[in-house]
Amino acid sequence: MIRLNPGYEIYFGKQNQLSLSSNREEIVQLFEKIEKGSGSFLHRFLKQAAYNYDVAINKVVHKPGKSLRELVMPETIFRSPQFIYSLHHTVRKNIQDPRLRQILEFPVLFLGAKPSEIPSFYRFMNYADMELGTWHIKGGMFMLIKSMQTVAESLGVKIYPNSPVDKIVTQNQQVTGVLIKDIFHPADVVISGADYQHTESLLEASVRNYKETYWNKKTFAPSALLYYIGFNKQVKNVSHHTLFFDTDFDRHAKAIYDQPDWPEKPLFYASFPTKTDPALAPDGKEAAIILLPVAAGLADTPALREHYFKQVIERMEELTGQSLTDHILFHHSYSVSDFQRDYHAYKGNAYGLANTLFQTAFFKPKIYNRKLKNLFYTGQLTVPGPGVPPALISGKIAAKEAISYLRQRA
């Protein structure tokens, strides 16, 4: 893995961009240079964030979410005001410069709610961002998948690709197996890594954990509009991770959470992995991925996708001072309907449930089925939450619960 430096770059307007170093002290100095006193605040903020990160990783995220008592410990009681006040409140009380506010607030957008709805305890996201840094897997994210496959198969796991489950078969309050293409596969335990709501749709209604009304009332994290682009030249004036915050941050957030609709002028994120890993594109070419956070459940059309593609390319051209349109070899889009079709993602969400206070830890959908003792769930809709590391941890928790069940049965 390769640590990125800068971790990322942010465009707030033309000739108004900031690069975030991989060195914390350099970030503190940058803050202080922009706003007197903000550097010392950031130093305190990150110190508290480091403590929160340690509590979250070592005391909370590996819990199965069976009881509220899992959250009650001296470390969380001591930090209880951080569960009451939002990250937005904490940042805006201490920082005035709008650019610095956005730098501290934007990481929690991917937790699935506005900074004004996310508990301040989640400042540990800033610690992960600024202290632990941003890393690139050489060869791209798919190398992680290939490595997981290698490890699984070395342990005797047999993988059946292109084999969607049609039904989870039950009898006498037990799962007996799964039905795939009219073939029954018996099982002592079933652990589903599919979308939670979709998994439940494969069960008889009487043995589901939750009804449709439950899911409808939940606050979901955003979906996304993604573009995969090939350029016939190398793109200038961008970093591996580049954020374009040249439009109204709050208006875009409202279009995601308050009044779900396609945003007029969305903020967006661009990844240029070839800046770090040139082998990901032919010599002299550039690979890019652009992501626009959008509300889950929106209807997306080819016309809408082309509208936003044209808009973001034109804004990139203006902000980075170069021609891009005439250098596009290809582009492919992926959005709400694709998440629904390919992953059965509820409402086409991309990041699971929003991590608001009453959708955190114990309050998340249970990792076990209450009526079927040998059915367990993993992934971003259960504990500990969205993101690649939490989703992997959920698999670890579910495996531990499944092993415990099998031992008790033996």
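**Exercise 1.** Which residues of helix α12 are buried?

*Solution.* The model is predicted: local features need pLDDT of at least 70, side-chain atom pairs count only at pLDDT 80 or more, and totals for chains, interfaces and linings use all residues. Residues are numbered from 1 along each chain as its sequence is written, and side-chain values use heavy atoms, leaving out hydrogens and water.

Step 1: Buried means under 20% relative accessible area with a 1.4 Å probe, protein chains only. Helices are DSSP runs of H or I, at least four residues, numbered from the N terminus.

Step 2: read off the list. R305, Y308, F309, Q311, V312, I313, R315, M316, E317, L319 and T320 are buried in α12.

**Exercise 2.** Describe α7 (residues 124-132) in the terms of Exercise 1.

*Solution.* F124, N126, Y127, D129 and M130 are its buried residues. G133 follows α7, with a positive phi near 90°.

**Exercise 3.** Why does the radius of gyration agree with a compact globule?

*Solution.* The globule rule is 2.2 Å times the number of residues to the power 0.38, and the radius is taken over C-alpha atoms. For 410 residues a compact globule would be near 22 Å; the chain has 22 Å, so the two agree. Buried residues make up 50% of the chain.

Technical notes. Helix = DSSP H or I, 4+ residues; strand = E, 2+ residues; numbered from the N terminus.
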